[in-house]
Amino acid sequence: MKDTICAIGTLVGESSINIIRISGDKSISIVNKIFDKDLLNKQTHTITYGYIVDNNEKIDEVLVSVFKNPKTFTREDVVEINTHGGKTSVNKIMELLLH
């Protein structure tokens, strides 16, 4: 299976920080489209501070972790977005990722 997938890894509404995990060949390029910093040339196992944006509107202040294959649990590229807790920002980020 070669799909790129995303999922919320924390309990939404109960956590002060939520984690969204994206896994698959296109994970870095997908997140790069909605993040205000360039992730394409980041080294593996790094964290970058920035903003998730939608049409130049800042959605949330986040930390984005990049893990490149094959040194990940799934042996695929993995990106984790650490966003503020609550349903609003998590739902909007998930909507942008799925779009």
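**Salt bridges in a predicted model**

At 23% relative accessibility, Lys92 counts as partly exposed.

**View 1. The chain has 2 helices and 5 strands.** Read from the N terminus, the elements follow the order β-β-α-β-β-β-α. The radius of gyration is 13 Å, close to the 13 Å that the globule rule gives for 99 residues, so the chain is as compact as a globular protein of that length. Of the 99 residues, 34% count as buried. The chain carries 12 positive and 13 negative side chains, and 3 salt bridges are counted.

**View 2. Glu80 and Arg21 form a salt bridge.** The N to O distance is 2.7 Å. This pair links distant parts of the chain, with Glu80 in strand S5 (residues 78-84) and Arg21 in strand S2 (residues 17-23), 59 residues apart. Glu80 is buried, at a relative accessible area of 15%, whereas Arg21 is partly exposed at 40%.

**View 3. Asp54 and Lys92 form a salt bridge.** Their closest N and O atoms are 3.1 Å apart. Asp54 lies in strand S3 (residues 46-54) and Lys92 in helix H2 (residues 87-98), so that distant parts of the chain, 38 residues apart, are linked.

**View 4. Lys92 also forms a salt bridge with Glu95.** Here the closest N and O atoms are 3.4 Å apart. Both residues lie in helix H2, 3 residues apart, about one turn of the helix. Glu95 is partly exposed, with a relative accessibility of 48%. Asp54, Lys92 and Glu95 are linked in a network of salt bridges.

Note on methods: Residues numbered from 1 in each chain as written. Predicted model: local features only at pLDDT ≥ 70, side-chain atom pairs only at ≥ 80, totals over all residues. Heavy atoms only, no water. Helix = DSSP H or I, 4+ residues; strand = E, 2+ residues; numbered from the N terminus. Rg over C-alpha atoms; globule rule 2.2 N^0.38 Å. Buried < 20%, exposed > 50% of the residue type's maximum accessible area, 1.4 Å probe, protein only. Lys, Arg positive; Asp, Glu negative; His and termini not counted. Charge placed at Lys NZ, Arg CZ, Asp CG, Glu CD. Salt bridge = Lys/Arg side-chain N within 4 Å of Asp/Glu carboxyl O.
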